[in-house]
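Here is a short briefing for a first look at this model. Keep the sequence and the 3D view open side by side while reading.

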Amino acid sequence: MELTVEKLVYGGEGLARLPADERGRGQAVFLPLVLAGERVEATLTEQKPGFARARAERILEPSPERIGPRCPYFGACGGCHYQHTSYEQQLEIKAEILRETLRRIAKVEPPEVQAHASPPWGYRNRTRLGVLSRPEFAFGYRRLGARELLPVEECPISSPGINRAMAALAEMGRAGEFPREAAEVEFFANADDTQLLLELTLPERRRPGARPGFGTDAALPFG
């Protein structure tokens, strides 16, 4: 089916609509990885009484704001939503979503939104990754729209220090020197990216009647 994206909404998805019928305007359809104004060939992936979800199979009429993403994992990884457009456009998208949220939920006309932008890359000083121990050791983010982990070697929006630590720990993992039972690893960088705190999460020890979960095992300095 062909859909035209009306706008982007909170969470990074585009809003389109199915054709109108006798009951009124068409049902809302949400699609990831699109931009406002684009016409796409899409496949429905989920349909509920109030809305539907779809996947864009082909961009028939791309937005003039569309660019190629820098990150090789974009589109498969669920960590980022807007790398298919410029950083300036990303800021405008987020500002417009904020304005619409204030109008719709708070019922107020928002004042001018001023963005205090970070650098477009390497700005994130806190990164949490799942740990894969089999069949090979790797770190990963959740795949887009799924619980499955996607192994990654780097994260362009994370700080350089975090990326160096990821590479060092990946080598340790492949050498069998990283705790295989670790479920997650979280990196915290200080303001000038000269020191890191590393936190590992291990499966919680089961007690009689305990519900499965995870607990924080340790917080370690990684300078």
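L198 is buried, at 7% relative accessible area; buried means under 20%, exposed over 50% and partly exposed in between, with a 1.4 Å probe and protein chains only. L198 sits in strand β11, residues 196-203. Helices (H or I, at least four residues) and strands (E, at least two) are DSSP runs, numbered from the N terminus.

This is a predicted model, in which local features need pLDDT of at least 70 and side-chain atom pairs count only at pLDDT 80 or more, while totals for chains, interfaces and linings use all residues. Residues are numbered from 1 along each chain as its sequence is written, and side-chain values use heavy atoms, with hydrogens and water left out.

**Two places to start**

- L198 and E100 lie 98 residues apart in sequence, and their C-alpha atoms are 38 Å apart in space.
- Q90 belongs to helix α1, residues 87-106.
- Q90 counts as buried, with 14% relative accessibility.
- Beyond neighbours within four places in sequence, Q90 contacts Y82, Q83 and T85; contact means heavy atoms within 4.5 Å.

**Cysteines**

- The structure has zero disulfides, a disulfide being a pair of cysteine sulfur atoms within 2.5 Å.
- C71 has its closest cysteine sulfur in C80, at 6.4 Å, so the two are too far apart for a bond.
- C155 is in no disulfide either, as its nearest cysteine sulfur, that of C80, is 6.2 Å away.
- C71 is buried at 11% relative accessible area, and C155 is buried at 7%.

**Strand pairing**

- Strand β4 (residues 28-32) runs parallel to strand β6 (residues 51-61), joined by three bridges; two strands pair if DSSP finds at least two bridges between them.
- A28 has F51 as its bridge partner in β6.
- Strand β5 (residues 39-47) pairs with β6 in the antiparallel sense, over eight bridges.
- E46 stands opposite R53 of β6.
- β5 and β6 make a hairpin, with three residues between them.
- In a regular strand, side chains alternate between the two faces of the sheet.

**Nonpolar cores**

- The largest nonpolar core holds 27 residues, and L129, F139, F178, V185 and F187 have the most contacts inside it.
- A nonpolar core is a set of buried Ala, Val, Leu, Ile, Met, Phe, Trp, Tyr and Cys residues joined through side-chain atoms within 4.5 Å.
- F139 touches L129, G130, V131, L150, P151, V152, M166, L169, A170, F178 and V185, leaving out residues up to four places away in sequence.
- A second, separate core has 16 residues, among them A16, L18, V29 and A52.

**Largest pocket**

- The largest pocket holds about 320 Å³ of space.
- A pocket is an open set of points on a 1 Å grid over the protein atoms alone, where a 1.4 Å probe fits, with protein on both sides within 12 Å along at least five of seven lines; lining residues have an atom within 4 Å of a point.
- Grid points are joined across faces, edges and corners, and a volume is the space filled by probe spheres set on the points.
- The lining has 14 residues, of which R128, G130, R142, L149 and E184 lie nearest the pocket's centre.
- β7 and β8 are the elements that give two or more residues to this lining.
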